[in-house]
Amino acid sequence: MEGPPEAAAAVTELLVAWGDGDRTAFDQLVPIVYAELKRLAHASMRAERADHVLQTTALVHEAYFRLVGLERDWAGRRQFFAVAAQVMRQVLVDFARRRDADKRGGGQAPLSLEDPLVPALERSADLLRLDDALSDLAKVDARKAQVVELRFFGGLTIEETAEVMGLSHATVERDLKLARAYLEREIRRS
């Protein structure tokens with residue numbers, strides 16, 4: 001997420017303008033942050049199968065449409081990328097839920113056990129269980145849930161996560177360790 005200081009300043013200025021209601025600022029912002037959004041999308045998609053119907057570019061575009069509708073005051077580019085990671089997580093979860101509904105009938109012909117999509121559907125169920133466990137963790141400890149979200153769905157490094165959240169490197173590592181244990185336990189229960 002690092003770049004030339006002038007690019008970071010331009011992103012921050014555009015975010016502030018967008019937060020102040022300037023709709024054209026977002027249109028100017030997207031080309032500047034597109035490569036980083038693709039990196040976030042790639043990180044979000046890494047748990048999905050290689051031939052996933054929703055490709056990285058489509059995930060970026062869906063996230064773009066959802067981000068356009070957000071009305072908020074942006075604290076800066078790091079917060080923007082953190083929110084973009086959350087939006088991408090939600091896009092993937094929504095997609096998995098739709099796919100799961102289709103698996104249970106949803107107007108589609110039933111799949112045979114030999115169908116190559118069955119393993120992908122199992123992965124979508126894993127994503128849904130992870131999302132449920134992460135939502136439960138957020139109720140208990142929102143900070144730990146956000147750390148996991150930034151690392152897993154946002155693809156941020158520990159250093160970047162620490163910077164976004166204003167935490168130390170050691171705190172992020174500790175939060176990840178505790179969150180991982182919590183999530184594994186909750187996923188095993190479900």
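## Basis of the model

The model is predicted: local features require pLDDT of at least 70 and side-chain atom pairs count only at pLDDT 80 or more, whereas totals for chains, interfaces and linings use all residues. Residues are numbered from 1 along each chain as its sequence is written, and side-chain values use heavy atoms, with hydrogens and water left out.

## Overall composition

The chain contains 8 helices and 0 strands, and its elements run α-α-α-α-α-α-α-α from the N terminus on. Helices (H or I, at least four residues) and strands (E, at least two) are DSSP runs, numbered from the N terminus.

Of the 190 residues in the chain, 43% are buried. Buried denotes under 20% relative accessible area, exposed over 50%, and partly exposed the range in between (1.4 Å probe, protein chains only). Among contacts (heavy atoms within 4.5 Å) with a separation of 6 or more, 66% join residues 24 or more positions apart.

Helix H3 covers residues 56-68, 13 residues in total, and spans 18 Å from its first C-alpha to its last, close to the 18 Å expected at 1.5 Å a residue. The expected span is 1.5 Å times one less than the number of residues. Thr56, Leu59, Val60, Ala63 and Leu67 are the buried residues named in H3. Seen down the axis, the buried residues of H3 fall within an arc of 100°, so they line one face of the helix; the arc is that of the directions from the helix axis to the C-beta atoms. An α-helix has 3.6 residues a turn, so residues three or four places apart point the same way.

Helix H8 (residues 169-189) has 21 residues and reaches 30 Å between its first and last C-alpha, close to the 30 Å expected at 1.5 Å a residue. Its buried residues are Thr171, Val172, Asp175, Leu176, Ala179, Tyr182, Leu183 and Glu186. These cover an arc of only 145° around the axis, which puts them on the same side of H8. Lys177 and Arg188, on the other side of H8, are exposed.

Helices H6 (residues 142-153) and H7 (residues 158-165) pack at an angle of about 135°, with their axes 10 Å apart. Axes are lines fitted to C-alpha atoms, for helices over the stretch in contact, and angles run from 0 to 180 degrees between N-to-C directions. H6 is therefore oblique to H7; angles under 35 degrees count as roughly parallel, over 145 as roughly antiparallel, 65 to 115 as roughly perpendicular and the rest as oblique. Arg143, Gln146, Val147, Leu150 and Arg151 of H6 meet Ile158, Thr161, Val164 and Met165 of H7.

The axes of H6 and H8 come within 9 Å and cross at roughly 95°, which makes H6 roughly perpendicular to H8. On the H6 side, Arg143, Lys144, Val147, Val148 and Arg151 meet Thr171, Val172, Asp175, Leu176, Leu178, Ala179 and Leu183 of H8.

Not counting residues up to four places away in sequence, glycine 154 touches Leu40, Ala43, Ala85 and Glu149. Glycine 154 and alanine 41 are 113 residues apart in sequence, yet 7.5 Å apart in space, C-alpha to C-alpha.

Leaving aside neighbours within four places in sequence, threonine 161 is in contact with Val147, Leu150, Arg151, Leu156 and Val172.
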